[in-house]
Amino acid sequence: MIKEEIQKALTNANLSGALTRFSEAYVISRKKIYEGLDFEALREQIVSSKSYTADHLDELVNQFIKSATDNGAKVFFTQNPDEVRNYIIELAKKNNVKSVVKSKSMATEEIHLNKYLQEAGIEVNETDLGEWIIQLAGQRPSHMVLPAIHLTRHDVSDIFTKKVEPIEPDISRMVKFARKHLRRKFMTADMGITGANIAIAETGTLVVCTNEGNARLTMALPKIHVAVVGVEKLVAKIEDTFPILRTLARSATVQIITSYVSFVNAQTEHTDGSKKELHIILFDNNRSKLAKDPLFKQTFQCIRCASCLNVCPVFRIIGGHVFGRVYTGGIGTILTAWTEGLKASKDIQGLCIQCGNCVKVCPGKINIPDLILELRKKLAKEEGLNFKTKAIYSVVNNRKLFHTILRTASKLQKPFEKQGFIRHLPFFLSELTEQRSLPAIADVAFRDRFKNIKQPKSDRKALFYAGCLIDFAYPEIGEALVKLLNTAGIEVLFPEEQTCCGAPARYSGVMDVAANNSKQNVEALLSLNAEYIVSACPTCTVALKKQFIKDLIDQDYKEDVIKKAQEVSTKAIDASALINKLIKEGKINFKKSNEQTFTYHDPCHLIRSLNIYMEPRESLQSSGLKLIEMFESDTCCGMGGSYSLKFPEISGIILKRKLENIKKTGVKLVCTDCPGCVMQIRGGVDKEGLDIQVKHSLDILVERLQSNNEK
Amino acid sequence: MFELFKQKAEVVNAEVYSFNNKTDVLNFIKDFIKQNISDEVSKSVVWCYSEFLEGIDLDSLKKELPQIEFDISANSANSAKIGINQVNFGIAETGSIVEISDTLAKRLCSSLTEIHIAILPCNNILPDMESLMKKIDINAIPYMTVISGPSRTADIERVLTIGVHGPERVIILCVENF
């Protein structure tokens, strides 16, 4: 099902074109609009006030009810979507409401309010331009803030022409048309329904942020104003609104502030002089359960800015109709799981490539990829694994068997392998090589080569944790690392019992397998004594530093194993950081050679999980290379580990974008520090037949080493 | 403070003028109306009564400019092209004006018409939201809007269009000696 939806989205050039243009411009504009502000400080304030809300939800709900009621509003608090709808319909019936004007409210989308109102014979008019267009088209919004972003001006003119009256595809004309047409609705509506961006508990105030002026009219003109507000919108005091007001517009629409920020306490006067009514519906729908969950309660920190959607390399390709239901994108996946149930998020959670781009821009500092992974774990547990997957994982868990199979595969691949690449796999496997060529499995694995490497003896030792890709596909990277460390006076040890770091299982939520691998590795890595445990694959480095410990705790392993994992973590270091350190200490020197230009691709795990991005660049530059930065150097290459096998069509397009950015720099050399990225980008370069070298930094650095004679 | 306010307000497409005294402001408004509305028959200007108009002979003003309607209703505001009101504060950080709507009429003048003229005493320009909240008692205010420039949208192809449901132009007249 989801595969079909993805295909549909991929063939819609308008959609991905519009979203990509927006997303590329967004990052640049966002940086500008935040100039002069301390984004980190603002985020901390938001985390503080919204986590307070999560921790004191009942108290704040009660406080809000009291304050708002004292102001003259009627407040209705409910858990249940049905009760919200019934309240509104009853209210409408009681007051003979024939037509309603609505300003944008995700809470009302969540409960599909429009449908029920219409069934009750009430005319509903969306007044936010994007929402009105979508309503006429009978579609769902494709983006939380820009609902009609997937439509061109021609689409919009078609929709208006079909559903209202003929109008040409001229944007400013169409906006004027909307003003005129909807103005009539505003003037005659009996009820106005809005949401709210913030609800202040201490004063009972609703804060509504808009740009079009439609919410103001929705609140001013009809006699009855109904505001549907999710309880996560609550903050304790007025001061808590300031950091939200400083970040919401900046992150959502790259504005300093929306044209209108309304503070609503009580409505008193109706246009005919009679008393106006304000009804505030505080709506729970599982949010209080969410607030009590120790890991997921950080979701309360969401200010609904949609910046996670705007920086997501996957969202920009497939859009919100695929990547979500009511709520879309990364945060949408989490909200879907909690408001509609875990099963509802089953397909869309798989779409997250775990690149972490969203984490750095989220004003609420929500660790979206972690939470999605947690959903994945829950689903894996609940659903159980199918037989095929179980079989695969049981092999990966059994190190000797796994390595035997890989060695055998290196023989079996012969018919398909050419020049070190597998370009076309047969039959059902062909999809795997459509977008990029796979690397050949090495004739001699690194672990077998290591035995024959002659190293100078030294008191300083480093344990090399190779990881599957370097061990079996790119052993030369391992050899390069050994040479570089030897030059610096460090002897490399290779404990043979090491096995896969467990990433494929971990990122699929299969935690028992992952933890099993963690334990095996931790014991292997402490079998020999060394100063460092070095890895040249950032995904593995993150496993060594953080995830082994988490897995073992998660799966209730014994204290002593966890302690071992902590010891591994302390010693673990990424090769890029260690090499940079040694260069700075003068222990690694490079020969003089002609300057060559290169561009650098930041692996997701290296820059976002380990915060390493200057070190590789410095190392490469100190070897005499000239850096030409590419656009979006830190955007995912599309590999995502097993993601490229699960969603090759999406992975392939992300890769295409990366290749375009590389080509634009004009360089002939791309360097990176992750064998997974090497595999993806090199495979793509090969598929497109480009004259560009793709190298792991260690490969290049070892080539440019000063020879012993020159010393 | 005024300079910063003007600069930030212009960034959000508001038009900002400063005047020495109320008479100069009144003359500007009269000229503006004459230039922008030729038709003297229909009531195309709604003007919400405020402190600014104290001491001014409204009858003679109406004779001079019959386009002006002081009796504000949803219908009269909807039919008008220009809405004039006095706003309470300015916020320099964002170039915003703050409208505390004790009456519905005040709101109608700034939300329905194509052009909104906002009269603002210069002394009431505050640095930021924090200082605004210190100055007012939000509990005592039924409805307040922080307005930053005219209404806008980018919902179609992300092309910015100024003027949607609210005003297309916001003209802020700051008075030094109010």
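This is a predicted model: local features need pLDDT of at least 70, side-chain atom pairs count only at pLDDT 80 or more; totals for chains, interfaces and linings use all residues.
Reader: Which residue with a positive phi follows helix H24(A)?
Author: Residues are numbered from 1 along each chain as its sequence is written, and chains are lettered from A and ligands numbered from 1 in the order in which they are written. Helices (DSSP runs of H or I, at least four residues) and strands (runs of E, at least two) are numbered from the N terminus. With a phi that is positive, near 85 degrees, the residue that follows H24(A) is Gly489(A).

Reader: What distance does H24(A) reach from its first C-alpha to its last?
Author: Helix H24(A) covers residues 475-487, which gives it 13 residues.

Reader: How many of the 14 residues of H34(A) are buried?
Author: Helix H34(A) runs over residues 675-688 and reaches 20 Å, close to the 20 Å expected. Its buried residues (under 20% relative accessible area, with exposed over 50% and partly exposed in between, for a 1.4 Å probe and protein chains only) include Cys677(A), Met679(A) and Arg682(A). The helix is largely enclosed by the rest of the structure, because the number buried is twelve.

Reader: Which residue follows H34(A)?
Author: The residue in question has a positive phi, near 70 degrees. Coming after the end of H34(A), it is Gly689(A).

Reader: What is the radius of gyration of chain A?
Author: The secondary structure of chain A comes to 35 helices and 21 strands, and its C-alpha atoms fill a box of roughly 95 × 60 × 50 Å along the principal axes. The radius of gyration is taken over C-alpha atoms, and the globule rule is 2.2 Å times the number of residues to the power 0.38. For 711 residues a compact globule would have a value near 27 Å, which agrees with the value for chain A, 28 Å.

Reader: What share of the 178 residues in chain B is buried?
Author: Chain B has six helices and twelve strands. Its radius of gyration is 16 Å, close to the 16 Å of the globule rule, so chain B is as compact as a globular protein of that length. Of its 178 residues, the buried share is 58%.

Technical notes: Side-chain values use heavy atoms; hydrogens and water are left out. The expected span of a helix is 1.5 Å times one less than its number of residues.
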